[in-house]
Each structure stands twice: as C-alpha cells, then as structure tokens.
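The tour begins with a pair of packed elements and then steps back to the whole chain.

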Amino acid sequence: MRSGRRLIVYLLLLVVQVLLWNYLNLSQYVLLCFLPAMILCLPVRLGTVPSLCIAFAIGLVVDFFAQGVLGLSSFALVPVALARRPIISLIYGSELFSRGEDPSVRRQGVFKMSLLLLLGTALFLLLYIWMDGAGTRPLWFNLLRFACSLLLSTALSVFVADQITREEDERWR
C-alpha cells in the first residue's frame, strides 16, 4: 500500500514539474526544480542501479513533456542518483542505512533535510546549467542563475520531500 501511494505522489510530482517548467517562468535567472528531492527521497533499501534507472526515466519524461532538450534533465539527474547514498551518509551517517529508515523532514529535522536537498540540488543545477548554457552564456549569468535557482529550488524541495515522506512518518509514530 505504501509503494502505491508513493508511486501516485511521484507521478503527480512529475506532472507538477512539467507544468512548472512549461507555464511558470519566474525569470531567466530562476529554474524551479524539485527532481533531486524526488531522487533523494527514494527508499534507502533501493539500490544504486534502480535509482539510476528511475532518475534516467524521470529526466526523460520531464524533458519530453516540458520545453527542454531531450536528455538534459537525465544528464543532470543521474549523477544525483549516483551520489545519493554518499550524500545521505555524509549528512546522516550510517544510522539511516543500519535502521533501514528513509530520510524525512519530520524525523531527522528540517536542517538536516535542507542540507541533504541543498547538496543534491546543487549537483543537479551545476550540471544542468552548465550543459544548458553550453558555453553560450557568460559565467556571471550562470553563477547568478545557479544561486537564485538553488535557493528557491531547495526551499521548494523541502516542502516536496515532506509530502513524499509523510506516510512513512506516520507509520513510525
């Protein structure tokens, strides 16, 4: 039952991400993205290879339906999936893996979850903006886009991560 709810939440979040990229362009300096949060909130029992496959599929789906270059989101999201376990270990230690517990805003706190999402989103945006510009935009533009996007996307990602892990948190009570 839990996996069914999580699948529905992930599908709804994919639709929301496509709608954000298609219809809500705040500025050329802001790229609102919570795809890294979706990858970082995958269950810890899920291995690296399935995480990579999920990240690749999510990236292709979003690029296909949004106004992006096909494969650009996958290019930036797959390294987030590859670095998922090391980033989680860096923030939480081996505690989550030994208990089989997923990262959560309510159990581990907003600060740790924000730091986890900040690192994952920074990796995603660094690769995405670098490839999206492909040497055609000045460095100052890319740095400003990275900083603005990182701040807003991380804040949005904390809310998204809370929604993804909500049922898991209620089960632990």
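Begin with the pair α3 and α4, whose crossing is right-handed, a term used when the near helix is turned clockwise from the far one by less than a right angle. This is a predicted model, in which local features need pLDDT of at least 70 and side-chain atom pairs count only at pLDDT 80 or more, while totals for chains, interfaces and linings use all residues. Residues are numbered from 1 along each chain as its sequence is written, and side-chain values use heavy atoms, with hydrogens and water left out.

Select residues 48-65 for helix α3 and residues 72-82 for helix α4, which pack at an angle of about 160° with their axes 8 Å apart. The two helices are therefore roughly antiparallel to each other, the label for angles over 145 degrees.

Next, show side chains where α3 and α4 are in contact (heavy atoms within 4.5 Å): on α3 the selection includes L52, F56 and L60, and on α4 it includes L77, V78 and A81. The residues of this contact divide into 11 nonpolar, 5 polar and 1 charged.

Now zoom out to the protein chain, which has 10 helices and 0 strands (DSSP runs, H or I of at least four residues for helices and E of at least two for strands). Colour by accessibility, and 46% of the 173 residues count as buried, meaning under 20% relative accessible area with a 1.4 Å probe.

Technical notes:
Axes are lines fitted to C-alpha atoms, for helices over the stretch in contact, and angles run from 0 to 180 degrees between N-to-C directions. Angles under 35 degrees count as roughly parallel, over 145 as roughly antiparallel, 65 to 115 as roughly perpendicular and the rest as oblique. Ala, Val, Leu, Ile, Met, Phe, Trp, Tyr, Cys and Pro count as nonpolar, Asp, Glu, Lys and Arg as charged, and the others, Gly among them, as polar. Buried means under 20% relative accessible area, exposed over 50%, partly exposed in between (1.4 Å probe, protein chains only).
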